[in-house]
Structure formats: C-alpha cells, structure tokens
Amino acid sequence: MSNFIPNELKIIVPRYPPWITKPLKAMLKRKNRFFKNYKRHGYKLVDKARLDNFRKECQEAVETAKLTYLSNMGNKLNNPNTTQKYYWKIINKVMNKCKAPKIPPLLTSNEFIRSCKEKAKLFTDFFSQQCKPVINDSVLPNFNYLNNEKIEHIPIENEDIISLIRKLNPNKANGSDGISGQMLILCDDSVILPLRIIFNNILSTAVYPDMWKLANVTPIFKKGDKQLTKNYRPISLLPICGKILEKIIFNNLYNHLTTHNLITKNQSGFRPGDSTTNQLIDLVDEIHHAFDSTKSLEVRAVFLHISEAFDKVWH
C-alpha cells in the first residue's frame, strides 16, 4: 500500500457539526470575507447592509440543513429495516455520546497515574491477568461421544475465501498488521491463493502466525468509578485475515454440530436466526404457565452469572 497507492496526510478538525456541508462552509467563508471588507472599508452602511443580508441567508441555510439532517436521522430510526447496531450508532451520534472516552487519571496503590504510557501498561497488565486460567486440582469428567461422526478435515475452498472478502465492511478498522478491509476488497481474487496456502499450513502444522495473535486493544468503561482499571473491559481489533480463517472454521464446526443435532435447542446465544430474546420469551411463558396452573403452588428459578467466563476458559 505504501509503495503503490498514492496517499497524503490530512488533518481534520472536528469543528463543524455533521450538517455543515461543503457548500455551507463556502457560504460561511464568504460571510467572513464580507465582514473583513466591512471592517476594512471603515464600517460603511452599504457594506453593513450587504453583510446583514448575507448573514441572514447563511442562518436560514444552516437551519434548513440542520432540519434536513435531523429529519433524515429520524427517518432512519423509524425505518424497520435499520439494523440494531446502526440504530444505536445514530442514537449515540445524535446524543453526542462517545464509545471510547478519554481515560482519566487511574488510581493504583493510592497513586494517580497520569502518563498515557503508564496507563497503557496498567491496562495491559490488568487485562492479561484476567485471561490467565485458575490453576487447581480439578479434573474433567469422562465424556461419551454422542455419535460416531467426527471432523477429520476442514476444507478451504476458493469460493469460501472470496465470499468472505466481498462481505467485508471497508469502513471497519484494521488490526495490528495494518491490512485493511478496503485493501482486501480491492485485491479481491488475487489474494485467494496466498491466503489459502497460509490457512492450509496453519491447519496442517497447528502453528498460528504470531502477528495474527496481536490485537489493538481499547479499554471501554463499563460502570462505577472511571479511575479504577477493573471497571473497564477490553475491545480487541484483530487482523482481518485471521478473522477470515476463524469464520471458515466456524462455518464448518457449526454445520457439523447442527447437522448431527449436537447443540441443545435451549442454546439461543450466538446462533444465526436465534437470540437470547427468544430465550427470555420462553422463560416468561413458562413462569406464566406455572402461575396459571392449578397444580403449581410456587415458581422457583436459579440464575447463574459466571464472571469473566470466556477469559478464564482454558482453551
């Protein structure tokens, strides 16, 4: 990319609101020129009249652009085809909420850490400690196979790779390797062969590239005191090529599990076409049936919350 794609560094100052378009910026600059001429010519009445008229025109144009922008946002919110992620993106944008706020001074050992480098090291130590499994004397029970079908081989076809590349969102951020989704989309089928060779080598040797294990981690505030590291959770941006391999493996595993009925029907999370909302509806329905039944005198429920469940799993 650095050798063959022309590029230049542009500094963008987020001074203007989103409804200030390029023509409006030109109008505002022209209004400033009118004011400078009015001041330079000794505050003449002719210049003042022209400035006042154009200033009023600018105000009307800005108000119209603002109303149009907010109306478009409202139409997108009312559109039933708007995805849940995009819906909340619009809400946060209108309410001027930022997902990655500035990190305040962090309190550790009765001392406030203000240096950005020291904050990053503090978060690195905390997040890495959260991902270490607890070592104890527990042993796994003996498992019985539910059927005789096993996954001996995960095929990687050219069609699988190119379809995933063409589904990439070019606006998503890239991982630590610097390869963006836009770059992969531009390369298209010319990167299929090298990616297929790398993927097959990973599966045959069981050696995963070290570069694909690196992630750009952003701490996101959850709740409580913003000056405590324990109140933040990490968001990791992984290399896109590694995520393509993960998706191919997932598709093969998921097809195997669903084909042989190895996933319980009570599993609602992380399943295409299903959601935990359906699980909640089913739970509420069971409770109502229990209340309405003449045989039942009470309803009992046990809820388990496992803290940092995924981070502590010994993969």
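Predicted model: local features only at pLDDT ≥ 70, side-chain atom pairs only at ≥ 80, totals over all residues.

Residues are numbered from 1 along each chain as its sequence is written, and side-chain values use heavy atoms, with hydrogens and water left out.

**Stop 1: the largest nonpolar core**

Select Ile161, Ile165, Leu184, Leu195, Phe199, Ile244 and Ile248: these have the most contacts inside the largest nonpolar core, which has 17 residues. (Such a core is a set of buried Ala, Val, Leu, Ile, Met, Phe, Trp, Tyr and Cys residues joined through side-chain atoms within 4.5 Å; buried means under 20% relative accessible area with a 1.4 Å probe, protein chains only.)

Now colour helices H5 (158-166), H7 (192-205) and H8 (240-259), each of which supplies at least two residues of this core. H8 gives the largest share, five residues. (Helices are DSSP runs of H or I, at least four residues, numbered from the N terminus.)

**Stop 2: around Ile161**

Which residues does Ile161 touch, not counting residues up to four places away in sequence? They are Ile156, Ile192, Leu195, Arg196, Phe199 and Ile248. (Contact means heavy atoms within 4.5 Å.)

**Stop 3: another core**

Next, select Met27, Cys58, Tyr69 and Met73, which are among the 14 residues of another core, lying apart from the largest one.

How values were computed: Buried < 20%, exposed > 50% of the residue type's maximum accessible area, 1.4 Å probe, protein only.
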